[in-house]
Amino acid sequence: MPAVYYTEIPVQLFLFLECGRRPLVDETAEGSRIIGGHDAQLGAWPWQVSLQAQPAPGEPFYHICGGSLINSNLVLTAAHCIKVNMSPESWRAVIGLHHLYKPHSRTVIQKVSTITIHSDFEWGTFENDVALFQLAKSVKYNAYIQPICLPDTSPPLSHETSCYISGWGSTYENGKAEHILQEAQVNIIPQQICNKFDWYAGAVSLNMLCAGTANGSVDSCQGDSGGPLMCSFLDDTYYLIGITSSGVGCGRPQLPGIYIRAANYRSWIDSHVFDKTTTVSIQFVLIFSTAGWVTFHLIL
Ligand code: 4AZ
């Protein structure tokens, strides 16, 4: 039925190009460990990745850091996650995961083909704390696996912006990794406040932003690094605003989590994107929409 087929094309285009959506979450029913957080719903943050490494071949993989799926074969994370082991063979990316040790039927475990660390990353200051993990194979999106949107430019952020952090990191300083993915709502803390003398005293650069609460009741911690600080604006589409990066301790007053401003790295990310699937998909959609138009207008 060519006419039906033709009307389906915009829907396909929509699905191919979509990002930042949470198919399993009823946004209207949303209330809100990480520090000061709670268990996320199953499938709540479908771009959340667990980056895991094995100390030696044949040994088990351990959760090291979080990451965000930004297209079907690319995970954005923090450069400091790759402390010692830079060889992609000793890493894996686990996507669509909820319980850290119990993958479910839609969880995908992918090999990593390349790791790209920002060439200007600095250990002392955590400046340019960004890295990309390219997956050996593209993942198929499903209700539990979706990419997050990357902003082109810095969106206006205020106290009213609805932002969350998520991860399997500790729920207290020097604590153990959590089993169930944790989430917490955070406030964006203005740069002038975060850089005050009795806060970070100027250590937060323009490529970073602070989020959490002034009294430290909500924060990220060890094991959350590399994961997303994500915000939604007018609709329920989530954008990757920050990459969990650093901070002094966890949950300390006037020392909130420090996140890398994702928008500032858009061109660096774009120069490392080899998303063959998206390119093919768009070509596919264009060819079929042309075929659909011809069938509808000229043949019928
Ligand atoms: C870490 O070590 C780490 N409280 C992550 C986030 C924060 C501190 C430390 C922020 O991965």
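## Strand pairing and the barrel

Strands β6 and β7 pair in the antiparallel sense through five bridges, and Ile117 faces Ala131 of β7. Two strands count as paired if DSSP finds at least two bridges between them. Strands (E, at least two residues) and helices (H or I, at least four) are DSSP runs, numbered from the N terminus. This is a predicted model, in which local features need pLDDT of at least 70, side-chain atom pairs count only at pLDDT 80 or more, and totals for chains, interfaces and linings use all residues. Residues are numbered from 1 along each chain as its sequence is written, and side-chain values use heavy atoms, with hydrogens and water left out.

Strand β3 (residues 62-71) runs antiparallel to strand β4 (residues 74-77), with three bridges between them; Leu69 is placed opposite Val75 of β4. These strands belong to a closed barrel of six, in the order β2-β3-β4-β7-β6-β5, with antiparallel pairing. Neighbouring strands of this sheet are turned against each other by 40 degrees on average, direction ignored; the axes are lines fitted to C-alpha atoms, and angles between N-to-C directions run from 0 to 180 degrees.

## The loop between β6 and β7

Two residues with positive phi sit in this loop. Phe126 lies between β6 (108-117) and β7, and its phi is about 65 degrees although it is not a glycine. Asn128 is in the loop between β6 and β7 as well, with a positive phi near 55 degrees. Most residues other than glycine have a negative phi.

## Ligand surroundings

Polar contacts are pairs of N or O atoms within 3.5 Å. A polar backbone atom of Ser220 is 2.8 Å from a nitrogen atom of the ligand, and a backbone N or O atom of Gly249 is 2.9 Å from a ligand nitrogen atom. Ser225 contributes a polar side-chain atom, 2.5 Å from an oxygen atom of the ligand. Taken alone, the ligand exposes 300 Å², of which the protein buries 87% (Shrake-Rupley method, 1.4 Å probe).

## Salt bridges

The whole structure holds three salt bridges, each defined by a side-chain nitrogen of Lys or Arg within 4 Å of a carboxyl oxygen of Asp or Glu. One of them joins the side chains of Asp152 and Arg266 at 3.0 Å, N to O. Asp152 is in the loop between β7 (131-135) and β8 (162-167), and Arg266 is in helix α3 (residues 266-270), so the pair links distant parts of the chain, 114 residues apart.

Note on methods
Polar contact = N/O pair within 3.5 Å; in protein donor to acceptor, adjacent residues only side chain to side chain.
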